[in-house]
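My entries follow the order in which I looked things up.

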There are 2 protein chains.
Amino acid sequence: MAQVAADRRDVDFVLHEQLNVEQLSQFEKFEDFNKKTIDMVVSEARNLAVKELLPYLKEADEEGCSFDNGKVTVPKAFHRAYKLFCEGEWIAMCDDPKWGGQGMPATVALAANNYFNGANYPFMLQNILSHGAGKLVESFGTDKQKELFLEKIYTGVWGGSMLLTEPEAGSDVGALTTKAVKNDDGTYSITGNKIFITSGENDLVENIIHPVLARIEGAPPGTAGISLFLVPKFWVHDDGSQGDFNDVVCTGIEEKMGIHGSPTCSLALGGKGQCKGTLLGRENKGMSAMFVMMNEARLHVGMQGFACASASYLNALNYARERVQGAALTAPRGSAGVPIIQHPDIRRILLTMKSYSEGMRSILFYVGLMEDMIKVSDNETDRVRYQGIIDVLIPVAKGYITDRAFEMCSHGVHVFGGYGFTREYPQEQLLRDCKITQIYEGTNGIQAMDLLGRKLGLNKGRAFTDLLAEVQKTIDVAGESKDLKPMADMVEVCVVKLMETAKALGMMMGAKKISSAFVQAHPFLDVTGDTLMAWMLLWRAVIATQKLAANPKKKDVSFYEGQLKSAQFFINSVLPVTKGKMDVIIAGDTAALDISEEAFG
Amino acid sequence: MAQVAADRRDVDFVLHEQLNVEQLSQFEKFEDFNKKTIDMVVSEARNLAVKELLPYLKEADEEGCSFDNGKVTVPKAFHRAYKLFCEGEWIAMCDDPKWGGQGMPATVALAANNYFNGANYPFMLQNILSHGAGKLVESFGTDKQKELFLEKIYTGVWGGSMLLTEPEAGSDVGALTTKAVKNDDGTYSITGNKIFITSGENDLVENIIHPVLARIEGAPPGTAGISLFLVPKFWVHDDGSQGDFNDVVCTGIEEKMGIHGSPTCSLALGGKGQCKGTLLGRENKGMSAMFVMMNEARLHVGMQGFACASASYLNALNYARERVQGAALTAPRGSAGVPIIQHPDIRRILLTMKSYSEGMRSILFYVGLMEDMIKVSDNETDRVRYQGIIDVLIPVAKGYITDRAFEMCSHGVHVFGGYGFTREYPQEQLLRDCKITQIYEGTNGIQAMDLLGRKLGLNKGRAFTDLLAEVQKTIDVAGESKDLKPMADMVEVCVVKLMETAKALGMMMGAKKISSAFVQAHPFLDVTGDTLMAWMLLWRAVIATQKLAANPKKKDVSFYEGQLKSAQFFINSVLPVTKGKMDVIIAGDTAALDISEEAFG
């Protein structure tokens with residue numbers, strides 16, 4: 001059967017052959033997760049994704065969400081899927097079993113999420129949001145808050161959301177005006193308007209627990225005066241019973257380009273003065289709580305974008321194998337048509353999609369492994385190192401990956417020709433759905449600023465060099481193989497030049513040419529991502545070379561040879577372009593800064 | 001007032017300052033088109049576009065087309081717009097006044113089309129198709145066919161379409177199976193099924209004249225056996241009166257990603273054996289007729305894509321000037337928010353969009369000028385040279401421009417942040433509408449093959465070198481200016497390397513490594529387009545420099561300085577990347593060819 005949603009062989013390759021996730025089972029925390037268990041988890045996720053989520057992708061896109069007098073209805077098919085998803089206990093895969101979690105390694109959860117998001121990413125948004133809300137409660141809640149909310153959220157009885165954005169406070173969160181006033185009973189009365197709230201209102205769950213960013217009366221302006229509150233849709237009494245409607249009114253949902261199955265809500269809090277919440281964490285520390293959650297949220301968005309790209313690739317591959325159109329380029333005139341996978345331009349597109357899909361999967365799963373390593377590590381030095389690597393990787397995993405994912409989805413439309421533009425095939429929807437991943441959870445422009453402004457200099461630059469040291473390890477191993485040496489050399493040249501590029505940007509900032517540096521922030525994100533992609537593909541090639549030397553099964557021979565081709569293609573066809581991009585950054589043209597506003601037109 | 005649809009100052013710049021279109025009025029054919037008349041035409045087009053087309057862009061997208069029992073309804077608002085468009089005689093702007101045309105230079109018509117497509121490209125499709133059908137009649141029709149159809153089509157009383165594609169014959173037109181059988185009265189009975197037919201059925205016009213590609217019984221297989229027929233929806237008697245329904249049944253319309261205002265129809269011809277047509281041109285010469293029309297059609301598609309990008313830029317620019325979000329990067333902590341046009345990353349995006357919009361406009365209008373020059377030229381040598389330049393430029397004008405246009409539309413979404421993803425703003429629609437321009441009228445993969453396989457070697461390579469000789473002229477002039485010399489040198493390096501790249505591809509083909517060459521076809525289209533973009537922007541900079549030296553008005557100073565910034569940005573920030581892409585082509589990696597089909601996954 002043709003593969004859909006995600007490539008199982010490749011998922012297994014990353015889990016077991018590249019990252020050796022089973023190693024985690026030697027630690028007590030993950031002792032239940034030997035290879036057999038891991039494979040079972042992935043198989044179950046795959047079954048649910050392919051049988052229960054994928055079939056409703058198109059239907060949900062067409063049906064969309066509807067809004068009527070404060071009530072939001074999600075696509076009909078999502079109700080059944082949601083029930084099954086909760087029954088499978090998939091919302092809190094990595095979390096404490098005490099609260100309804102499954103305690104599995106993050107790396108394995110990412111594999112499951114690869115399937116879920118590849119099958120139906122709009123459906124997944126509710127679950128991701130719920131998990132994030134739960135995680136906030138788990139991380140910053142009082143014992144009482146945990147007792148009241150956590151298990152219900154993690155098991156899907158109640159949903160979660162995240163109320164940050166306001167009409168005048170998007171990328172600039174610090175500009176928010178939602179107000180909190182302390183009541184005598186210790187609760188806070190909340191008033192304000194929030195927009196772009198995923199799953200802010202819906203008919204899937206009995207109650208919705210909204211983490212809300214607001215400013216306590218008298219708090220400082222900007223991000224320093226923001227606190228976090230838990231605001232349930234229906235009040236929850238101390239005994240856990242559900243109380244009155246808490247004056248969180250949905251005033252509308254957005255008409256969007258994609259993710260039509262997921263409601264994007266505008267919410268008015270306290271319009272009748274009846275909305276209250278409890279403080280989550282400490283006063284004025286709302287932004288730091290957000291930062292703690294940010295890595296998880298951004299990694300998820302990278303997964304969403306990547307999953308669209310990866311699904312688009314598999315669809316394109318299946319179609320290219322079946323669609324007959326045109327004789328082979330070198331066949332005699334009048335020859336019969338052949339499947340389009342035989343045409344050079346289609347092969348170039350497919351190998352582009354393949355290599356990016358594979359590299360992106362490795363980057364994302366690798367972040368998961370670093371998270372798991374932190375959990376099992378017995379010393380602070382290692383934990384700091386792992387965390388630093390994660391912190392550097394996050395803007396790449398979110399920003400670079402979703403930028404490339406959108407391009408891959410675009411390629412995936414083209415393989416289908418005119419059919420790709422029609423709703424008959426999933427390709428145009430994947431492209432539409434993928435688009436928002438470049439924008440939400442911090443636009444990719446913000447990701448680029450995060451990489452350059454925060455992550456490059458993190459721990460005095462140590463985090464960035466720690467990551468590049470990992471890259472170097474792979475280069476060194478690859479360099480020992482005669483076949484891989486030329487590729488290893490090219491990746492090494494790229495890494496050296498990346499350091500040079502980073503240094504050039506550092507000098508600009510040192511010379512107070514802040515804008516000159518930041519106008520290159522997005523290009524710098526691009527070249528950093530390219531370098532890490534090359535690393536991952538080279539790493540895969542190293543393993544493939546080792547495996548090929550050990551006489552694998554025929555089917556595996558194809559797979560491993562495909563790994564070598566992906567690496568060869570990317571290193572030979574992308575890295576020279578990356579080099580050009582690095583030259584541009586180092587040269588540091590300032591036309592975009594110098595041009596007057598009038599001169600734009 | 002903020003500019004919308006197209007930038008008038010820039011349109012005027014290309015028409016008058018860069019291309020000096022008024023020069024055409026010295027020739028009898030265009031003697032009526034002095035500067036004043038040209039400006040009046042553009043102003044009228046602008047008025048119609050901004051007042052009558054743009055306001056219905058969103059409405060038509062949401063309303064879409066509907067299909068009911070063979071009948072197709074287009075958006076309500078299009079009826080009024082169509083009436084006004086016909087009254088303005090805009091369908092046949094460049095054609096013979098004898099048949100209802102306006103006889104204007106193609107360059108001027110492109111400026112008008114820039115406005116029309118920038119305002120509402122889905123609306124424009126009917127008009128473009130009608131014009132193409134009319135042009136076929138004018139080029140290949142008998143006197144009788146012209147008398148019966150031409151004026152009615154050119155004046156919009158009847159519509160036109162183009163029936164090429166079939167379910168199994170898309171990029172491979174030669175695979176079509178629609179059949180024509182000669183009747184005793186000289187007509188042909190037509191049977192077959194066509195898909196993806198723009199405006200194939202609609203309620204805008206009284207009758208639709210379908211040019212149809214079909215194979216006469218007994219004709220050779222492949223493209224050599226294809227003939228062209230005129231098949232009206234309602235038969236037209238010899239006295240011009242309208243007869244019976246001609247058995248051209250619309251069986252459905254596509255649900256698509258975009259251009260919802262334009263119906264994409266499936267048509268069944270002769271299902272009841274009652275469909276007939278008349279031969280247009282000669283038997284088995286249908287494909288050569290298509291080739292004659294192809295340049296016009298592809299140039300139009302380039303215009304469509306570009307117009308989306310250019311409109312997206314103007315929207316983004318207007319928004320960036322008004323949207324306040326975040327303090328300036330270098331402002332003290334706690335400073336007030338500023339319009340986002342002040343942020344470096346937004347400036348980089350805007351200047352990217354600006355420079356591409358400008359370069360694309362110049363390329364398209366330049367093709368128009370070449371067409372006009374052919375019409376007024378008094379010698380065959382020049383005409384061949386102009387035609388050769390057009391032929392080389394067409395795959396760039398269609399393929400390269402729509403590829404870049406889609407990217408620009410994507411940038412245009414990002415400037416709006418989360419709002420860009422909503423239907424509240426036009427950006428997401430422009431992105432969706434733009435997508436099909438990369439696919440139809442020959443996918444951009446086909447355009448790339450056209451450039452490499454046909455155009456590079458056209459007239460023994462003379463056409464390509466003629467074009468580059470024009471580029472060199474600009475480089476030489478720019479090189480005389482001290483300020484422009486560094487940019488001129490970089491463009492020259494790029495041209496030299498483009499020749500080297502072309503030679504490398506030529507050597508591959510000479511060595512019968514056909515697939516190795518063609519796997520680089522699309523990258524070669526990219527680098528050719530980049531080079532021509534740099535040419536156009538350098539050319540603009542040359543003029544701007546001259547004008548700035550002559551103490552222009554204050555507003556013009558900004559405009560000309562903006563021209564210098566566009567050139568500086570593109571040459572410094574894009575050409576080094578182009579160089580990397582050329583290195584890739586020259587190196588000629590064959591991973592995409594060597595990988596086995598199984599290894600794709």
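**Entry 1: domains.** I am working with a predicted model. I first checked the distance between two domains. Domain 1 of chain A and domain 3 of chain A have C-alpha centres 31 Å apart. Then I noted the bounds. Domain 1 covers 8-154, domain 2 covers 160-283 and domain 3 covers 444-593 in chain A.

**Entry 2: strands.** I turned to strand β12 (residues 276-279) of chain A. Strand β5 (residues 188-198) of chain A pairs with β12 of chain A in the antiparallel sense, over two bridges. I looked up a partner there: A:Y188 is bridged to A:G277 in β12(A). Strand β7 (residues 226-232) of chain A also pairs with β12(A), antiparallel and over two bridges. In that strand β12(A), A:L279 stands opposite A:F229.

**Entry 3: the interface.** How many residues of chain A are in contact with chain B? I found 82, and they meet 82 residues of chain B. Helix α16 (residues 554-573) of chain A gives the most to this side of chain A, with nine residues. By class, the side of chain A that touches chain B holds 32 nonpolar, 27 polar and 23 charged residues.

**Entry 4: symmetry.** Chain A goes onto chain B by a rotation of 180° with 0.0 Å of shift along the axis, at RMSD 0.0 Å. The two copies are therefore related as by a two-fold rotation axis. I also compared the contact surfaces. Of the interface residues of chain A, 100% are also interface residues in chain B, so the copies meet through the same surface.

Technical notes: Residues are numbered from 1 along each chain as its sequence is written. Chains are lettered from A and ligands numbered from 1 in the order in which they are written. This is a predicted model: local features need pLDDT of at least 70, side-chain atom pairs count only at pLDDT 80 or more; totals for chains, interfaces and linings use all residues. Two residues are in contact if their C-beta atoms, placed from the backbone, lie within 7 Å. Helices (H or I, at least four residues) and strands (E, at least two) are DSSP runs, numbered from the N terminus. Ala, Val, Leu, Ile, Met, Phe, Trp, Tyr, Cys and Pro count as nonpolar, Asp, Glu, Lys and Arg as charged, and the others, Gly among them, as polar. Domain bounds come from an automatic or database domain assignment. Copies are superposed by least squares on the C-alpha atoms of residues with pLDDT of at least 70 in both. Two strands pair if DSSP finds at least two bridges between them.
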